[in-house]
Amino acid sequence: MSMPLPDLSSLRDACTGLARDAAREIMRIYAGDLGERTKADKSPVTDADHAAEAIIVAGLRKLTPDLAVVAEEEMSAGHVPELKGRPFWLVDPLDGTKEFIKRNGEFTVNIALIQDGRPTLGLVLAPVPDTLWRGADGLGADKSENGGAFAAIAVRTPPAAGLTACASRSTAIYSDLDIWFRNNGLTVAERVQAGSSLKFCLIAEGKADIYPRFGPTNEWDTAAGQGVLEAAGGEVVTTDERPLVYGKPRFGNPHFIARSKAAR
């Protein structure tokens with residue numbers, strides 16, 4: 001018999017602890033030998049990716065034994081769970097591995113709960129400098145710095161001068177972005193570069209307005225950030241204005257736009 005799913009508030013609190021446990025292990029490795037190597041798909045991986053994933057996956061399986069966990073490194077090893085139409089977890093234990101290797105601090109721990117194709121709970125933790133963003137259906141979005149109390153966050157209405165646009169530090173092609181902004185009648189006043197899922201969180205807390213992504217991503221790269229952003233009043237849509245959904249074949253994403261709803 002399936003166990004009932006705990007309420008989102010309880011799951012959010014439990015995942016907060018798992019994310020912080022994973023971040024402590026990541027920072028322990030960050031201080032020494034990273035154990036860097038290359039996966040079969042030519043992308044980098046480190047000891048921290050595997051250690052953080054082990055902590056989170058074990059915790060989620062104990063918390064919700066009936067739910068599948070889709071985690072980046074397990075997927076890379078060929079462990080693809082059957083979803084069977086049920087809620088499931090998406091985990092990227094160290095999003096921004098390239099930034100981690102560069103030691104620039106722009107990497108995150110990501111945990112999301114997917115229900116009916118949507119991230120109803122998302123947590124993004126940046127170990128440097130210890131900032132945790134959370135979002136959940138019906139609970140809003142909040143943020144904690146340096147382990148302190150959580151404070152509510154929300155998207156902003158863009159200023160009259162124009163949008164602040166986020167772009168990936170490692171993959172942005174500005175000519176493509178400029179053409180898209182021009183074709184959609186959008187004025188960009190400022191650009192912000194950031195690694196990993198931090199871009200979703202900047203929009204969620206009102207420090208930026210829009211993040212178009214015209215390159216390949218996987219579901220575990222975006223789910224937690226989308227969960228935070230949507231709970232803060234934003235949205236993530238495909239280029240044909242459909243919601244970005246989860247549980248797709250091979251867990252790949254199409255191009256998408258993350259934004260404040262006022263930045264349309």
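Predicted model: local features only at pLDDT ≥ 70, side-chain atom pairs only at ≥ 80, totals over all residues.
## The seven-stranded sheet

Seven strands form an open sheet in the order β3-β4-β5-β6-β7-β8-β9, and their pairing is mixed. The edge positions belong to β3 (68-71) and β9 (151-153); each has a single partner strand, so one side of each is left without a neighbour in the sheet. From one strand to the next, the twist averages 20°.

At the β9 edge, the partner is β8 (residues 140-145), which runs antiparallel to β9 and is joined to it by three bridges.

Helix α7 (residues 219-231) lies across β3, β4, β5, β6, β7, β8 and β9. Relative to β6, helix α7 runs at about 100°.

## Residue T238

T238 is located in strand β14, which spans residues 234-238. Its relative accessibility is 10%, and because buried means under 20%, T238 counts as buried.

Leaving aside residues up to four places away in sequence, T238 touches P243, L244, P254, H255, F256 and I257. L186 lies 52 residues from T238 along the chain, and the C-alpha atoms of the two are separated by 17 Å.

Conventions: Residues numbered from 1 in each chain as written. Heavy atoms only, no water. Helix = DSSP H or I, 4+ residues; strand = E, 2+ residues; numbered from the N terminus. Buried < 20%, exposed > 50% of the residue type's maximum accessible area, 1.4 Å probe, protein only. Contact = heavy atoms within 4.5 Å. Pairing = 2+ DSSP bridges. Axes fitted to C-alpha atoms, helices over the stretch in contact; angles between N-to-C directions.
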